[in-house]
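Visitor: I would like to go through the salt bridges of this protein. Please show me the model.

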Amino acid sequence: MSMLAPDVHAELAQLLEALQSRDNGVRSQAEEHLQSNWVAARPEVLLMGLAEQISAPKDSGSRSYAAIIFRRIATKTRKTPTSDNTDMFMSLQKEQAHHIRTKLLENLLQEPDRDVRNKISDAVAEVGRQYSDNNDSWPELLQALFTLSQAPEVGKRETAFRVFTTTPGIIEKQHEDTVSQAFNNAFRDESVSVRLAAMEAFAAFFRSLTKKAQSKYHQLLPEVLNILLPIKESSDSKDLSKALVALIDLAESAPKMFKNIFNVLVQFSISVIQDKELDDLCRQNALELMATFADYAPSMCKKDPNYTADMITQCLSLMTDLGEDDEDASEWLSADDLEQEESDLNHVAGEHCMDRLANRLGGLVILQPTFGWLPRMMQSMAWRDRHAALMAISAISEGCREQMIGELKQVLDLVVPALKDPHPRVRWAGCNALGQMSTDFAPTMQKEFYDVVLNAILPVLESPEARVKSHAAAALVNFCEEAEKSVLEPYLDRLLSSLYQLLQSEKRYVQEQALSTIATIADAAEKNFAKYYDSLMPLLVNVLQGQSEKEYRLLRAKAMECATLIALAVGRDRVGSDAGMLVQLLASIQQSITEADDPQANYLLHCWGRMCRVMGREFLPFLEIVIPPLVELGSAKADVQVLESDEQVEQFQQDDGWELVPLRGRTIGIRTSIMEDKYMAIELLVVYAQVLEGDFAPFVPRIMEDIALPGLAFFFHDPVRVVSAKLVPYLLSAYKKHFGPESNELTGLWNGTVIKLLEVLTAEPAIDTLAEMYQCFYESVEVIGRACLTQDHMDKFMEAVTTTLDDYKDRVAQRAEEQAGVTAEDVEDEAEEILIAIEDDQTLLSDMNKAFHCIFKYHGPAFLRSWERLIATYEGFLKSDDPTQRQWGLCIMDDVLEYCGQQSSHYANFISQPLLQGCRDPSPAIRQAAAYGIGIAAHHGGPAWASFLGGAIPVLFEALQFPDARNEDNVYATENACAAVAKVLHFNAANVEQIDQVIAQWINFLPITNDEEAAPYAYAYLAELIEKQHPVVLSQVANVFVYVSQALEADALSGQTANRVVAATKALLAATGTNGEALLQQNFSEEAQQLIRVHFS
C-alpha cells in the first residue's frame, strides 16, 4: 500500500518523464521544478515517492531511472537546525527514514531485472554509507544482503556483493563470523560472476579494515586464489582480468597476507603473462599484480626464488612485442603524430614494469639477471630484441644508479654502437637510452663521458629518417640540461650546425624538436651562445613573422620559446634593440590567438616572463598586455563534476584532462588542465613581482585579493597552494618598496593578508604544504619588518601551533604503535615511506620554529603571554628521547633568551638543565643549539643568568672536546661552543673562576672558519684580549696570527670586525717583533697567502 496520495504519484511520474525528455527546454524546466518544488520543499515526500516509483508496474527503464534519481537526491546535503551540511537521508525524521528504507529493501529483494536491481543496489549502498559514516546502524540492510547472498537466483547473489563493494563500512564488527562465512560460500559459488563479485567486495571490505582486523580474514585467501585457475583454464580473459584487478586491490592493502602462498601466485601470474592466447589487458593485469607486490612488499619479492628472474624475463619478452606487420618500420617512420597513445601496448607495459622493479628492488637484485639477458639481446639478429635491450637500460637506470654509475663505461660500450644500427627503431632506442642515462647519471655522464656521448649523437642528427634524428636532438636536451658550459663550448659549432640543418627539415616535428634543443643549449651555454645569436635570431623572427596557419602554431610556440631563452642566455646588452622587436612580436601573436586549444597561449606566458627578466624596468609598458591573461588563469575556479553513474565514471576515466576522486560514496571529477594553468599563472606572477619589485605595486591589491589569498586555500591542488604561499611575501615586498615600510597602504594590505595567513595555518591538511604555509607566514612578517601582529594575531597563531603540534604528536605516536612488534621485513619495506614522513615532520617543525623566531624578533616580550600557553609542550620536548623534539625545544628557548632579555630568567627553571645537557648530547644539531643558547644568555640574559653562566664554562669545554669535533658533522656545534665561551668571558667575566686559565684553554680551540655568525663574537673577544695585551695572547702570538689568518682565508670575518681584528693582530706582531710573513709561508698555500696579505696590507 502506498504511503502517498495518488495525485502526488501522478505529479512525480510526470516529472520523471519530463526529466528524461530529449527536449532541452523541457528537461531544464523539469530540473528546476525538481529542485524548487521537491528537493528544497519536501525531500522526504520525494524520496518516498521515488522508492515507490521503483516498484511501480512500469517498464524497466522507468524503474531504473527512478532508482538513479533516488540516489542522486540522497547524495545531496541540506541545512538542519544542528548542522549546515547534513546528508540528505540523515536529515529525515526517523519514522520517515524507516519507511523509505523498508521500501528500498523490499524493492531490492523483489526486483527481477538485473540492471534495475543494480541501480537499486546503488541507491541502497548510498543510504547505507550515510548510516555508516554517521556511526549509525541499519541492521535490516545486513540481513537483507545476507538473504540475497543465499538466493537461488545468480543475479541476486551477485547484487549482494555489489552493495558490499560500494559500501564495505556497513559490515559491523559483531557480524565478522557471518561475513566470513558469506564470503567463503561465495568464493565457492557455482557462478563465476558471483565469485568475481565476491572477490571485488572482499577487496573493498579488506581495505576498510585496520591491519589488526585484517588478520582475521587471512584464512580466506586460499579460497580467493582457487577462483583463478578455473577461469584461466576457460580462457576467459575478461573474467580473469576482473579477478586480477581485485587481487591488485588486496595486494595494495595487505601484501604480506600472501606470504605463505606467494610463490604459487608468482608462478600462476607468470603463466598468465606468457599466455598469448589471453588478451593483452589480461596479461598486463597479471604483470601489474606482480609489480604491485614489488611496490608494497619488495622484501617478499626479493626472497622468492622465482620472482625476480621470471619477472625480468617476462618484461623483456613483452618489450619485444612491438612493430607487428611493420618489419622495416615504414609505418612507424611515416607517422607524424608522435604523441599517439601507446600506454596500453605490451612493450610499454614491460618498460614501465622494469622501471618499477628497478626502483623498488634496487640494482643489487635487478642488475645481474637483467644483464644476463642484455648482451645476448644486443647481439641478436632480431631488431626487436636489440630495441628491447636498449629500452631496458633506459628503464632501469634510475633505480640502479648506485650500482651502474661505476660501470658506465661498460654500459656505454653496449649502447653507443646501437646508434649505428641498420634498423631505425634500434637507433631511436639507442638515442633514448643515452638521453635517459644523461638524466639519471648526471653529472657523471656530462663530466666524464661527454666526448663519448656527444660524438655518438652528433652523427645521428644527420640520419635519413626524420623520426630518428628528431629523437637524437631530444636526447641532447637531456644531456645539455645537466652539462656545464665549459663542456659544451668545444662542441657548440658542430651542434648548432647540425641543428640548423634540422630546422630545414620538411617535417614540422623535427623543426619543433630542433628549436627545443637549441633553446636548451642556449640556456646551458649562457654568454658562450652569443656568437650564434646573429645567425639564429633572424631565423626565429622569420618563423614568428611567417605562417600563421593552425598547423604551424606549435612551431611558432617553440620559436618563441627558443628566441626568449636565447635572449635570457646572452643578456640584455647583446640582445640590444631586438628586445623591443621581440616583445612587439609577442604582443602581436597574443592578439591573434582566438582558440582555447592554441598551444601558443601557454608558451607566450612563459616567454613574457623571460623577457621581463631580460628587460627589467623597460618591460613595464607591456604589463597591461601580460597581466590580464595571467589574472584570468590565476583566479580560475576549480571545474568539479559530481559523477552520477558508472557510465559517467567510465567516460571521464577515458579523458586525460580529468582526475577522479572518491568522496563520501560518490566520484568527483576535477578538471586538471585548469589547475595546471592556474599554477603556471601564479608561478609567473611570482617572477614579475620578484623582478619588478616596487614597480609591480599597481597590480598587487587585485592579485592578492583574487589570486594569492584564495590560492592558499585551493584544496583541489597542492601545488597551487604552495606557489600561492611563495607569491604572498613578494606581493607584500613590492608594496613595501613602492609605498614605504611605514605607509598606510602597506599596513592596509597586511591587515587583510595576515588574517588569511593565520586561517590557513589551521586549515591546511597536507603536512609538507603546511610547512610552506608557516614559511609564507614568517617570510611575510619578515617583509613587514616591524611589530605587525596584534595580541589577537599572536593568540590565533598559537591556536594554530597547538593544533599542528597535537597532530604531530599523534603522528609520532601512530608511527611508534605501527612499528611495535613488526618484522625486520616490514621495517625494510616501509623504511622509505617512514623516512619521508619523518622528514616532512622535521621540515614542518623547522619552519614553525622560524615563525616563532620571527615573531620574537619583532615583538620581543610582547609575544610571551601567547607563547606561554604551550609551556608544558616545550618542557616535554626538551625532555624527549626524540632528538628532533629536543632540538626544536632548544631553538625556541634560544629565541626567548635572545629577544626577551632579562624576562627570559622567568623560564630558567626548565631552560637551564636542557642547555647544559644539550652540550653533552650526541646530536651535533642539539649541541649547536645548546651552545648557542648559552652564548645568547651571556649576551642578552642580564644579571639573572650570571651564576648559571659561570658554571656553564666546563660544559662548553666538554662540547669543544667532543670526539671528531672538527669533522663536517660536528664543526658547527664546536664553533658555536667556542663562540659561547667568548661571549661568557666578555659579558660575564666577573662570574668566571680562574679566568686566565679559561682564556688560555679557550684560545687553543680557535679557529672558527665555517660559522659566519659565530666567528665575529669569538674574534672580537680575541681582538679585545690583544688590545688589553693579555698575557695569554702575548705568549701565543704565532698561534693568534695563524688563527686570524685562517678565518680571513675562509671569509668567516668581514666588515668592521675583520678590520678591528686585523688592526689588533698587526699591532701584536709589531709589538712582539714577530715575522708574520714567515708564518704565512709556513702555514698557508700561495693562493691563501695572497688573500691574507690583502687584508694585512
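Guide: What follows is a set of questions and answers on salt bridges in this predicted model.

Visitor: How many salt bridges does the count come to?

Guide: Side chains of opposite charge can pair when their charged atoms come close. Here a pair is counted when a Lys or Arg side-chain nitrogen lies within 4 Å of a carboxyl oxygen of Asp or Glu. By this rule the count is 51.

Visitor: Which helices hold Asp534 and Arg574?

Guide: Asp534 and Arg574 form a salt bridge, with the closest N and O atoms 3.0 Å apart. The pair links distant parts of the chain, 40 residues apart. Asp534 is in helix 32 and Arg574 is in helix 34.

Visitor: Is Asp534 buried or exposed?

Guide: The cut-off for exposed is over 50% relative accessible area. Asp534 has 54% relative accessibility, so Asp534 counts as exposed. The class asked for, that of Asp534, is exposed.

Visitor: What is the relative accessible area of Glu975?

Guide: Glu975 meets Arg966 in a salt bridge, at 3.6 Å from N to O. Arg966 is partly exposed at 40%. Glu975 is buried, and its relative accessible area is 0%.

Visitor: Which residue forms a salt bridge with Glu875?

Guide: Glu875 is partly exposed, at 28%. The closest N and O atoms of the pair are 3.7 Å apart. The partner is exposed, at 63%, and is Lys879.

Definitions and conventions. Residues are numbered from 1 along each chain as its sequence is written. This is a predicted model: local features need pLDDT of at least 70, side-chain atom pairs count only at pLDDT 80 or more; totals for chains, interfaces and linings use all residues. Side-chain values use heavy atoms; hydrogens and water are left out. Helices (H or I, at least four residues) and strands (E, at least two) are DSSP runs, numbered from the N terminus. Buried means under 20% relative accessible area, exposed over 50%, partly exposed in between (1.4 Å probe, protein chains only).
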